[in-house]
Every structure is written in structure tokens, then in C-alpha cells.
Amino acid sequence: MTQGLPPKDNHGHTAADGDHEFTADEVEALVREYDSESNFRNLVGPTAILVTIASVALSLFHVYTAGFGLLNEVMHRTIHLSFVMGLIFLVFPRKRAAPTTRLWVESGLFAAFYLYILYGLAGSLTGGTLKTVFIAVMLFLIALTLPFNRKGAAPEKVAIRDWIFAAAGAGFSAYLSILFKYIFIENVGNPPEAAYMMGFLAIIMTLEATRRTMGPTLAWIGVFCLIYALAGPYLPGIMAHRGYSITRIINHLFIGTEGIYGVAVGVVATYVFHFVLFGILAQMSGLGQLFIDLATIIAGRASGGSAKVSVVSSGFFGMISGSPIANTVTTGAFTIPLMKKSGFSGRFAGAVEASASCGGQITPPIMGASAFVMTEMLGVPYNELILIAIVPAAFHYIAILLMVHLEAKKLGLTGLSKDKIPQFGAVLARSWHLFVPLGVMVALLLMQYTPFLAAFWGIILTIVFSYVPLLMRAFGNTTMDTSTVLTPPRLVRGFEDGAKFALAIGAACACVGFLLGMTTLTGLGFKFSAAVVELAHDVAGFAIGLDFTGLLSENGLALFFGLIFVAIACIIMGAGIPTTPTYIILASIAAPALTEFGVPLIATHFFVFYFGVLADVTPPVALAAYAAAGLARAEPMTTGTTAFRLSMGKALVPFMFIYAPSLLFVNFTWLEFITALLSGLMGVVALSAAYIGWFRRPLVLWEKLALTVAGLLLISTHFATISIGALIVLAILARPVNAQPGTA
């Protein structure tokens, strides 16, 4: 979501307070480089007009159904995916550089998989002209998936191949929409052969759309799931199952709501799209600038004020932005140069922005797309989920702000000068109308209205209240910015951009449907859970054998190692996949493993959710941190490492609420809640001081190591362990400022 970039400060300058003034084109280039979900073609001519019409139609469809009633779930999801799959191949470019050997091998493997599925399906089809034509057309389509490249082809030009893919992508869902009554009512349980043919087409186009928008990682997971369903009888041990035919797999994936049109696509079509559109329109109406102004007022005067403005503004932005990378670049274009001018290093400035921006996905009231998926998978009302998420999100931002504060004190930095901090009265006078849509939307969510209805009124009121500056100008008030009015041309652009920003997540969730479908068909989730539990107990048993104190228990160690294994899986998975599909995958196959240890279900889902978000700042694939490094002119890997350390609150909090579910208001007791809150805050202070190496004075190596150990001890819920950790922290941090750091 990069509308209106880069943001201006209260003097009207774009990032001019730093060492470089970023233009809108530079910011857009960074987003395109690091955020595959935003890598759109610059279309012109009739193609651009067609894409605009289709995108606006998709947005209007969702706005109308949100306000006036959804269709039945199959019709709603198939119409949504028809537009999404058709637009993807027109909006997202295929790489036009000379294909590499790796790309040829990758594409060849996908094509071989398609041929294998086609061979198996063809054997189950009756003979005749239709079968022959189908096989010939599919062979041609499979050949088009190979990276043949016409010399000199322009990346922005839509090739004939793209038009064919667009028609095929839109066609398989349109088939179900048009023949809904025939397939789902008149012939329920007995689909025609044409449905299997279209199901095969759906598999190809879903995988190709995912490759184009997300890269190959998620598509390979989809392929693996299908191979797993086919190869069940040949697998060893616990992973073996009876195996399923290709027709059974296609029927399960394509016809019904267990696979491609399952909960993942349903959540995008029902909830996520509306909030993406709201975020786009809200930023266009000036909400982004309001967030920066408010963040500057709140935090600008404090020590290291520029970095604290970055943290607060990124948190505000994250509440309405679904993309941590776009959030990083949007606010970072202003805050990173400002931090560097204030005295922070480029590495630290980029890391602060990336870490704070990724935190937006765990920050109520919107929390990104994953939160809406969580409500569907857990059956927890969204208004309850908002309240549950408050304490963990607060820990994350407290940790970042504390480290920023300690770094500023260590460097002797002060806050922003008075002339760079806007007056609250002036900000309120020119931007009061922007609070209304956001306030109404949040109020409706808390009042237990459906999220899509809340988003509907948020969108409508954003459009209506964007005209307040024009109305006020008619009454003589010239302080309001009339350039943010959502005039018909700007509204069309907003609807178009809203649809475009929802395309990639739509393809990803359709591909995740492969995993969800095969999980329900084969029991993959239970098998994976059993494997994790068995491995955790094996490792715990080995550790018990080394314990000479007798203080450790096998069940406690098994839970700890199970958490470590799941956390590692989340980070590895998130290295190549956005947060929402990462969460869906791991909530389906990894989270059940934690429930085997007696962990409350909602705590397991929050655990994988948090570590999925953390992947965006975890090297070696820390895309948000790398985008921030581009703005900061810093080395990407060190920026990513620093961002990971700044996000340690997000890494520790999941362990805290696993051991103390009261932090999520689950199995709530005041004693556990207060104990976990106080020990958690002390642990954050200890780890922050250890990382920065400063707390009222420089800390030496042994003090940093002791604080790290103490901070980890404070995560525990055992009184003795907490007491030991607290005593260590107090003994080190309470030492006199003038004490020699190397002395006891």
C-alpha cells in the first residue's frame, strides 16, 4: 500500500530531514524489489483499461456484498477467485530476462508433475473427441508454463501466453459459478467428467499463479501435498496412509469447500479484501500523514525521539496495512532519514523501522489478514481476538521502545526540536474527520458486528468524510488539505489498487487450499503432530539422562523442545512465504502438536502466528529488514540481524503465554496474570539492556550474559525460577552508575 508516498513532514518536505530525499519512484522501486505482492506491471492502453474495469468491478462486488449480504459461500468464493486468477496474469509480470538453468529445471519439474497428473486423469476419462481435445489443449498449456522467452520482449507488455493463462485462470472458477445449480444441487456427489477436467486446469493455474506472485516455495509445498496424497502406501512408518486416486484428489480439491475454495480463500473473500481496500482508501484520504503527526506529537520530544516516532507511527500504520514490507517503506521513507540525521546508525535505523512495521500485524484492531483466518479456524469472535492480542502486542512495542531509549541514552541523543513537532490543536483542526471512519469501524468490531460489515462502513465513511475539507473550505476554512478528497478519478484508482493488493494473497490462499484439502483427506496434521511429539520426547529423554540435579521433568522438557521445533518450522517456512499462508499451514499441521502437550488451542495458534510474523525480520530471508536497509543505505544482513534482536519481544512473548495462558485471558487467574506481566516486563528490561549493552552505564560481557540468562529465567511461571532471575537483574541494573563495570 504505497499511495501518497513518501509522506511529508509538518513542513511539507519529503524525507528531507535525512541524508537523502526519497522520491515516490525510489520508494515504489524498493517495494517492487522486496515485496513480490506489490510487483505490478505498469500497464498502458486497452489492457490497462480492461484491468482497471475488472479491478474496480471486483472491489465493488465486495463492497456491495459486505453491506447488503454475502452470497452462498461457494458462489462468493468462486466469483472472487475468478477475478483474482484472471487479473494475476495480466497484473504481475513474468520474468523476461534470459531464463537461467535453475528456472528451466524448476519449470521442467512443475511441467513433469502436470504431465503425471494429466496421465493419471486421462486414464479415468471416457474416450471421445472431448477427451482428445482436452489432452491436446492441456499439453499446449503445460508447454506454455516453460520459460520460453521471445528475445527483446518488454517486461511490462502482456504476452499472448499471459492472455491465455488469464482466460484459463478465470475460467475454472467461472465454470463452477455458471454451473453451480447443475453441479452442486442437481448432480451433488456425481460431478460430470468436465468438472474433473476443470479441476485439473485449476491445479495448474493455481500453482502457476502462486509461482508468479509468491515465488516457487509455496507452490512446491502445494505439489508436495498432492504427491503425499498419491504416494501414501509407499511411505514409511507413521507418514504412510492408504493413498488416493487422482480423480478423488481433484474432486476433493475442486468441488466443494475442502480444498481450493476452503477456509483460506473464504477468509480473503469475506474479510481480508475489505480491510485491504479500507487501508488503501484511508491512506489516500490522509490517514497516513495523520499517523505520522500523532506519532511525532507522542514520542518526538523523548530521547531518541526520531526512532520512537518510527516505532509509534509504524504501529499505527500496521493496524491498517496488511504488508510489513509496504509498511516499512511507507513510513521508513520519512523516519529512516530522520533517525540517521538524529545520530542513529543506518543499520539501527533500518532495523527499528523493519521491526516496528512487522509488529503491525500483531497489533489490534486489524492485525493483518492472519487474524481473520484465526477467527475462522478457532471459532473465536473477532472482538474477543482483539482483546486477547493487546497484551502480547504491548510487550513487543515496549521492548522496541526500551531498546531505542537505551540506544539513544548510550549515544547521548536528545529528542526532536520543538519546531519539528506539530501542534496537536492544528493537527486535530485539519484532520479530525479522519478519526470518524476508523472509530466507527473499531466500535462496530467491538460491538460484535461482523468484520465485513464493519469494513463496509469504514470504506463508505472514508469516502464520505474525505469530502469534509471541501465542505470546510466552502465555509472559509483553508487549513485542510483538499488534495486528499476521494474524487471519482482517485476513488477509481483506490478501488483498482485495493483489488491489486489483494491478488497475491488470493493466489497464496488458493494454493494453501492444497495443504488444507490433503490434510483433511490424509490426516497429515495428526501424523505431523505425532512425529513432533515423539521427537520432542526423545530429545527430552536424552536431556533427562544428562541431568544430575534431578530438577528437570521429561514432560516439561518435551513441551520446551516441542515449542523450539515448531518455532524453527515457523521461521523456516516464513522465510519464503508471507505471514498469512505461513500461519494457515502451521496452524493446520504444527499447532496440533502443541495441543498434545495440554497447551490451550488459542495459545498454540498465537504461537505459530507470532513466529510466522517474525520471519520477515529473520535472516537470511528478512525481506522487511532488507527493504529498510535499502532506505537506510545499510548492509542488509546486519540490518536484518539487528531487526531480529529488536524483535526479541515478539520472539519471547509466545513462550510467555504458552507457560502463562492468562496473558491471553485463557484459564485466567489474577495471580498468574500479574506474575507473568511483572516478570515479563522485567525480562524485557534485562534482555534489552543486554542487547544494547547499556543501562545507566556501559555493561561488560559477563553482565550482558548474566542479564540474558536472567531474562530467559523470568519467562518461567515457577516462583523459585522467577526469583533467581529477578535477583540477578536487580543486582546488575541497580549497581551505582559510577561503579567499575568489570568489578563485582
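Colleague: At roughly what angle do the axes of helix 11 and helix 23 cross?
Modeller: Happy to walk you through this predicted model. Helix 11 covers residues 263-284 and helix 23 covers residues 503-522. Their axes come within 7 Å and cross at roughly 155°.

Colleague: Are helix 11 and helix 23 roughly parallel or roughly antiparallel to each other?
Modeller: The axes of the two helices cross at roughly 155°. Angles over 145 degrees count as roughly antiparallel. Helix 11 and helix 23 are therefore roughly antiparallel.

Colleague: Which residues of helix 23 make the contact with helix 11?
Modeller: Helix 11 brings Val263, Ala264, Val265 and Val268 to the contact. The residues of this contact divide into nine nonpolar, one polar and no charged. From helix 23 come Ile505, Gly506, Cys509, Ala510, Val512 and Leu516.

Colleague: Is histidine 80 buried or exposed?
Modeller: Histidine 80 sits in helix 3, residues 73-91. Beyond residues up to four places away in sequence, histidine 80 touches Leu58, His62, Val265, Val268, Ala269 and Phe273. Its relative accessibility is 1%, and under 20% is the cut-off, so histidine 80 counts as buried.

Methods
Residues are numbered from 1 along each chain as its sequence is written. This is a predicted model: local features need pLDDT of at least 70, side-chain atom pairs count only at pLDDT 80 or more; totals for chains, interfaces and linings use all residues. Side-chain values use heavy atoms; hydrogens and water are left out. Axes are lines fitted to C-alpha atoms, for helices over the stretch in contact, and angles run from 0 to 180 degrees between N-to-C directions. Helices (H or I, at least four residues) and strands (E, at least two) are DSSP runs, numbered from the N terminus. Angles under 35 degrees count as roughly parallel, over 145 as roughly antiparallel, 65 to 115 as roughly perpendicular and the rest as oblique. Contact means heavy atoms within 4.5 Å. Ala, Val, Leu, Ile, Met, Phe, Trp, Tyr, Cys and Pro count as nonpolar, Asp, Glu, Lys and Arg as charged, and the others, Gly among them, as polar. Buried means under 20% relative accessible area, exposed over 50%, partly exposed in between (1.4 Å probe, protein chains only).
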